[in-house]
Each structure stands twice: as structure tokens, then as C-alpha cells.
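Here are my notes for anyone opening this one up for the first time. Have the viewer ready and follow the points in order.

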Amino acid sequence: MNTALIFAGGTGKRMNTHGVPKQFLELYGKPIIIYTLEKFENHDEIDNIVISCLEAYIPKMWKLCNKFHITKVQAIVPGGSTGQESIYHGLVKIYESVPEPEDTIVLIHDGVRPLVDPDTITKNIACAREKGNAITVTPATETIIVDSQNGEVGNILDRSQCELAKAPQTFRLPEIMDCHTKALNEGKNNFIDSANLFRYYQKPLYTVEGRTENIKITTPIDFYIFKAIITAKESSNAFGL
């Protein structure tokens, strides 16, 4: 079984949305989270979806799923105070729900990453089935500087050897569940994503290359980029390009 875990527990402070969580911002009458969910709803290899959502927005999330015909959603669970905690809540629900956890692949994806393409989802599933996990990456296209202090440039990395981790991040369910449980028991709650957590416990990771347009909508400029891409695609479809 292939399950998509969509975590949408953020409040969108950097978006300046005046109380509206960024995943519920609308473009052309459709919330960002629905654009994201549709990518997994319409993928033939995705069997079901679990959403980890702000608890106060769970009824709204169910209404949106019904309105936009998102039928693969099996459950919507309350998110946590961090992305790591929100993912854990979703994993617990999946583990309780699937008939064969040991044979389940889980694709962990940001609710505000709506431009993931079907081929990236397909490659994630294939890689995780073969090697145990899959981390979506894109090549670094700008200079990367690390270890800067007091305004002085530190080390400059060779960008040809660098990649940016994105999503989905895909794992065998028992393995990622084990890592999250260990972190919880050890009081470690500041992992930036599941790949970082998985690697902390000395697990090997494998990559699949995704598309650069698979952005995470975090700031207003990200939303405008998203709008431009959607508008361009709609225009192309309208004119048969």
C-alpha cells in the first residue's frame, strides 16, 4: 500500500495572512492545500491519504475535501506544535489503519508544496520499494556559503556537489515510525524534516531528482511564483500548447 501523509499544521506567520493559515489561502477559488491533495488524489499508485491539520481547521478540511472531490482521504488528524510532531501524529494514524504496516510505503509531503508532479511521485514510490526510502532533491543553482560569522564569509561549497532536499520524502512505514518514536522518547523535537531525522539515526538515504518548480509556499513571493506557474499552465492548456 502507498499512503500519502500531507502535513498542514503551519500557521503561516511569514505569509502575513492575518490569521488565515497559508495552506488555506486561495488561488482562483481553490485553496493551496487542495492543489496539493489533487496531485496525490489523481495518482494511480496512491491508495489513500492522511492529513495532519490544525485541529481547529479539521471540519473545514473535511468540507473542502468533499467540495473538491478528494476521495482518497482516509483520516484527518490534529497537527502538533512542530512539523515533526504533526508528521508523527499522521504516522500513528496510518500505522493503526493500514492492514499491513510492514508493506506500506508512506510519502510525507508539505501541504503547501502544491506543484509536485506525477513523475516525482512515481519515482519516489519506485525508489522506496527498491531501496527503502526516497528523498526528492533538486540541484543547487546558486553559491552556497556555510560557517559565516560576524558578517565574514565562511566556507563556499562546490554547488555541483550540492542538492536541495524537497518533498515528497518517502519511507517504509515501520522504519520512519521507529525513528520518530525514538526521537519522541529521547525528547528530540527540532528535526527540520524526516530526512534529517532518519539520517540522525544513521540510516542510509537515497535520492530521486524532482523538478525545480516544486516549491514550498512560505513567503508572499512564493505565492506569486505559484500563481504565475498556475496561470501559465492554464493559458497553455487553453491554447493547446
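**Notes on the sheet, its helices and the charged pairs**

1. Let's start with a pair of residues: R113 and D110 are both buried. They also form a salt bridge with each other, with the closest N and O atoms 3.0 Å apart. Keep in mind throughout that this is a predicted model.

2. Salt bridges that share partners tie D110, R113 and K216 into one network. As background, side chains of opposite charge can pair when their charged atoms come close.

3. Strand 1 (residues 2–8) and strand 6 (residues 105–110) run parallel, and six bridges join them. In general, the strands of a sheet pair through backbone hydrogen bonds, either parallel or antiparallel.

4. Now zoom out. In what order do the seven strands of the open sheet come? Reading across, the order is 5-4-1-6-10-7-11, and the pairing is mixed. Strand 5 (73–78) and strand 11 (207–209) are at the edges; each has a single partner strand, so one side of each has no neighbour in the sheet. From one strand to the next, the twist averages 25°.

5. Next, the helices. Helix 4 (residues 118–131) lies across strand 1, strand 6, strand 7 (133–139), strand 10 (163–172) and strand 11. Its run makes an angle of about 60° to strand 10. Helix 5 (residues 173–185) packs on the sheet too, where it touches strand 6 and strand 10. The direction of helix 5 makes about 110° with that of strand 10.

6. Back to charges. How many salt bridges does a search of the whole structure find? The search turns up nine. One of the pairs to look at is E38 with K30, whose side chains meet in a salt bridge at 3.0 Å, N to O. Is K30 buried or exposed? K30 has 18% relative accessibility, and buried means under 20%, so K30 counts as buried.

7. Another pair worth a click is R172 and E175, a salt bridge in which the closest N and O atoms are 3.7 Å apart. R172 has 28% relative accessibility, so it counts as partly exposed. E175 is also partly exposed, because its relative accessibility is 28%.

Key:
Residues are numbered from 1 along each chain as its sequence is written. This is a predicted model: local features need pLDDT of at least 70, side-chain atom pairs count only at pLDDT 80 or more; totals for chains, interfaces and linings use all residues. Side-chain values use heavy atoms; hydrogens and water are left out. Two strands pair if DSSP finds at least two bridges between them. Helices (H or I, at least four residues) and strands (E, at least two) are DSSP runs, numbered from the N terminus. Axes are lines fitted to C-alpha atoms, for helices over the stretch in contact, and angles run from 0 to 180 degrees between N-to-C directions. Contact means heavy atoms within 4.5 Å. A salt bridge is a side-chain nitrogen of Lys or Arg within 4 Å of a carboxyl oxygen of Asp or Glu. Buried means under 20% relative accessible area, exposed over 50%, partly exposed in between (1.4 Å probe, protein chains only).
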